[in-house]
Amino acid sequence: MRYPAFPARPKLSFIMMKSLDTTDKELNDQWQGGKRRVWIMAMFVGTMFLYAARSAVPLCMAAMSKDMSWDKEADGAVMSAFFWGYTPAQIIGGWLSDKYGGELVLGYAGIVWSLCTMIVPFLPAGPTLFFPPIAIMVISRVFTGLSQGLHYPSLTNIIVKRIPLKERSLFTSSIFSAGPVGTLLMGSAGSIVLVLFGWHSVFLLQGLVGLTWAWLWRYYATGQYTPTRTELSIGNIKMTEATVSEKAARVSVPYSTFFKHPGVWAIIISQFCQAGAFWILFSWLPLYFEEVYPNSKVLHCNTYQTSKKIIFIFHISADNL
């Protein structure tokens, strides 16, 4: 008796089913109990310091511009230079995290962007090797963007491997909400440091704090992570099964199928519009308040208070959809 043949599954569906098929060995790589809370808090603090460091230049731009006699064109060049490094780093960070692990990339990236933040007050005020001081500042900001651009791809890599699917949106929102918290921290505490000690102290303090977190993450948190491997032996032959990350790296991703889907383009366009509006306000709002409301030193930080609540609420809803 001949049975009717079942239609073959599309390639995209097969990959999605494979990624959702969690084995016992993969469960062992996921965080459990108190260990999960420690790692979540560590990533939250790191993201908070990341955004605090990112907010330092917009916060101090008025004072820096005055000391270095910059015009608005120079101000815009310094602030936009960050994104020349940040944009390609998104792709680079994803590749590095898949190859070496998000835990490792996150720690090294934190060390680099913390050092890039600390050296800003020490950048030469005069020409160096035929480079004007504004060009040196722009180059510094490009490297800051390159290192900070590795942060979120690394977080995504860690979250996918270490957090169960059902709880992933909740914990992702908890970690990502640290961005607005870091902006508030720099906008309030950073403004006080700016007024009392000058803009140099803002970069030194934030760089030192970020470097401390990166060192703790690199040498303490990542030391607790050992990928689960299953060893098999047949006589004198020993074999080691690939880890979850190594298995994922071998999966063929149908990028052409993704980019043909209208939902993917809806996400891209909405992110483009949201990011454009957000980063314009993020970069120029402190300078605007400094010029229009010179006596309100921490007024600009209040515009970010609602975003933390909105992110958290919508990601909780996503877990139940």
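Predicted model: local features only at pLDDT ≥ 70, side-chain atom pairs only at ≥ 80, totals over all residues.
## Annotated transmembrane spans

An unreviewed UniProt entry places the feature "transmembrane region" at residues 38-57, 77-97, 104-123, 129-150, 170-197, 203-220 and 264-289. Among these spans, residues 77-97 are 100% helix and 0% strand in the model, with their end C-alpha atoms 30 Å apart. Residues 203-220 are likewise 100% helix and 0% strand, and the end C-alpha atoms of that span lie 25 Å apart.

## Nonpolar cores

The largest nonpolar core has 28 residues, of which Met43 and Trp217 touch the most other members. At least two residues of this core are supplied by each of helix 3 (33-54), helix 5 (72-100), helix 6 (102-118), helix 8 (151-162), helix 9 (168-176), helix 10 (178-197), helix 11 (199-221) and helix 14. Helix 3 gives the most to this core, contributing 9 residues.

Another core, of 23 residues, lies apart from the largest one, and its members include Ala56, Met64, Val120 and Leu123.

## The setting of Gly85

Gly85 lies in helix 5, and this glycine is classed as buried because its relative accessible area is 0%, where the class requires a value under 20%. When residues up to four places away in sequence are not counted, Gly85 touches Val142, Gly145 and Leu146. Gly85 and Gln148, which are 63 residues apart in sequence, have their C-alpha atoms 8.7 Å apart in space.

## The chain as a whole

The secondary structure of the chain comes to 15 helices and 2 strands, and of its 321 residues, 39% count as buried. Among contacts in the chain with a separation of 6 or more, 80% are accounted for by residues 24 or more positions apart. The chain exposes about 18800 Å², of which carbon and sulfur atoms supply 69%.

Notes
Residues numbered from 1 in each chain as written. Heavy atoms only, no water. UniProt positions renumbered as here; feature names shortened; annotations may be inferred. Helix = DSSP H or I, 4+ residues; strand = E, 2+ residues; numbered from the N terminus. Core = buried A, V, L, I, M, F, W, Y, C linked by side-chain atoms within 4.5 Å. Buried < 20%, exposed > 50% of the residue type's maximum accessible area, 1.4 Å probe, protein only. Contact = heavy atoms within 4.5 Å. Areas by Shrake-Rupley, 256 points an atom, 1.4 Å probe, with all protein chains shown as cover.
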